[in-house]
Structure formats: structure tokens, C-alpha cells
Amino acid sequence: MHRFFLPKDWIEQDNVTITGEPLRQIGYVLRLKPLDRIIVLDNSGWEFEVAIERITKQQAKGKVINKQPGQGEPHIKITLYQALLKSDKFELVLQKGVELGVTSFVPFVSERCITRKESAAKMERWRKIIQEAAEQSERLILPILHPLIPFDEACRSVKPPALLLWEEEKSVSLKRTLQNPLYKNATSLSLFVGPEGGFPESEKEMAQRHGIAIASLGKRTLRAETAGLAAISAILYEEGEMG
């Protein structure tokens with residue numbers, strides 16, 4: 001069934017009212033009809049199975065016929081601190097990160113970033129990408145997109161445990177880091193991934209001063225848009241969330 005995140009006040013007891021973009025999707029894109037069923041989510045972790053009763057140009061009305069807690073959220077909350085990338089690459093990270101299970105995204109600007117600022121319109125586009133990916137991948141809670149911040153502010157604001165992927169690291173692997181009890185038993189984890197040119201040593205050292213661990217993804221150098229997704233997959237596998 002098709003899934004839609006809706007504001008909580010659109011669901012009143014067993015009655016659901018749908019307008020705006022979700023209505024356009026239901027009536028004009030998917031061409032759903034009365035008696036068709038959809039899954040509605042209110043960002044609380046519950047799934048509402050809804051039978052559509054009627055559709056007009058102004059709104060759709062439906063009735064909740066089943067409500068149950070969903071199963072689409074990993075037990076470890078991953079915050080991805082991603083250096084700003086070229087637009088299409090950053091959008092890929094957002095989309096695939098949501099599918100994998102990232103809880104929140106913090107874009108930041110570091111020394112080697114090619115792109116250094118984004119418009120309000122671009123941020124809104126990113127939120128839409130996140131919502132569409134969350135609906136497609138059967139997430140229950142919409143991942144949060146935080147405002148763009150400088151790297152030093154990201155380091156100051158992060159809560160441990162946190163780790164930074166650095167291609168120059170030779171001795172400490174991601175696997176070894178994740179086996180440390182601080183990370184292995186964590187319910188939340190922050191992951192820093194650099195821009196196309198990677199992190200300079202000065203930023204690596206700054207991260208260390210703020211208690212952020214440094215780790216390597218292995219012998220091969222991955223693209224910036226690949227590294228975070230590979231690390232997230234490895235973290236979720238170690239936590240028993242994949243496979």
C-alpha cells in the first residue's frame with residue numbers, strides 16, 4: 001500500500017482528511033479511488049491503515065480501519081554529519097541515507113567544500129527528498145534535516161559517541177572502532193563524512209580535540225557520496241540491523 005506522512009491534526013480519532021500535495025498524489029498521480037487503502041503516518045511511530053471514502057478536488061476523506069506500531073526504525077539512532085557536496089551527490093546521500101535508516105542529517109561546510117552555501121528553496125527540496133524516501137522505504141519517523149553549519153560548530157555541537165572517516169587513517173579501522181564498548185553498546189551514534197577533497201589534517205585534529213574518534217573504511221578510497229553510505233551499512237550490520 002502507498003504510504004503518506006501527514007500532520008497529526010489531519011487524523012481525528014478514526015477520521016482522516018487529506019489536502020495539498022498528498023491529495024494530488026492520491027487523486028491525480030496514483031488515481032486512487034474510494035475503497036482503496038493507504039497507510040498514513042503521523043511521525044509518532046504508528047501506522048494507520050486507511051480506507052478512502054471519497055475524493056474531491058479539495059480534499060480526500062478516509063476512515064482508519066487498523067492501527068499498529070510499525071517496525072521500520074533501527075534501534076540505533078545515526079546522525080550523519082555530511083560535508084556539503086555538489087547538489088546531485090548530496091541529494092543521493094540524503095535519499096539513500098534515509099533508506100538505510102539515518103535518523104538525522106547535519107550538513108556542514110569544511111575547508112575543502114566546493115559548494116559552501118544553499119538557498120531556502122534547496123533546503124525545502126531536500127526535505128521533500130527525505131519525506132519521499134521515508135515513505136518509499138517504510139520508515140515511521142521522518143529524519144530531521146538540520147541547518148547548514150560550519151565544521152567547527154559541528155564539532156562543538158556533536159554528542160558522543162562520534163566518529164570521523166578519514167582516508168589518511170592507517171591503523172584504526174571502522175570495524176575495530178565499532179567493537180569498542182563505547183560504540184558497540186550505543187543507542188545513538190554521530191558519523192562525520194568529508195567533502196569531495198576529504199578532510200585536511202587540521203580538521204581531523206580539531207575533531208579529535210572534541211572527542212571524535214578517527215577511523216578508516218579500508219584500503220580503497222571511496223567517493224564522498226559513497227563513504228557515508230558504506231559506513232552506515234557497516235554500522236547497521238554490526239548492530240544486527242541488516243542481514
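This is a predicted model: local features need pLDDT of at least 70, side-chain atom pairs count only at pLDDT 80 or more; totals for chains, interfaces and linings use all residues.
Visitor: Which residues touch the most other members of the largest nonpolar core?

Guide: A nonpolar core is a set of buried Ala, Val, Leu, Ile, Met, Phe, Trp, Tyr and Cys residues joined through side-chain atoms within 4.5 Å. Buried means under 20% relative accessible area, exposed over 50%, and partly exposed in between, with a 1.4 Å probe and protein chains only. Here the largest core has 55 residues, of which Phe 108, Leu 164, Leu 191 and Phe 192 touch the most other members. Apart from it lies another core, of 15 residues, including Phe 4 and Phe 48.

Visitor: Which residues does Phe 192 touch?

Guide: Contact means heavy atoms within 4.5 Å. Not counting residues up to four places away in sequence, Phe 192 touches, among them, Tyr 81, Phe 108, Phe 151, Leu 164 and Ile 212.

Visitor: Which residues of helix H1 are buried?

Guide: Helices (H or I, at least four residues) and strands (E, at least two) are DSSP runs, numbered from the N terminus. In H1, residues 20–29, the buried ones are Pro 22, Leu 23, Ile 26 and Gly 27. They lie on the same side of H1 because they cover an arc of only 110° around the axis, the arc being that of the directions from the helix axis to the C-beta atoms. What covers them includes strands S1 (3–5) and S3 (15–18).

Visitor: In what order do the six strands of the open sheet stand?

Guide: Strands of a sheet pair through backbone hydrogen bonds, either parallel or antiparallel. Two strands count as paired if DSSP finds at least two bridges between them. The order here is S1-S4-S5-S6-S3-S2, with mixed pairing. The edge strands are S1 and S2 (11–12), each pairing on one side only. S4 and S5 run antiparallel and are joined by five bridges; Arg 37 has Ala 51 in S5 as its bridge partner.

Visitor: Where is Leu 35 found, and is Leu 35 buried or exposed?

Guide: Leu 35 is in the loop between H1 and S4. Its phi is near 85°, a positive value in a residue other than glycine. Leu 35 is exposed, with a relative accessible area of 73%.

Conventions: Residues are numbered from 1 along each chain as its sequence is written. Side-chain values use heavy atoms; hydrogens and water are left out.
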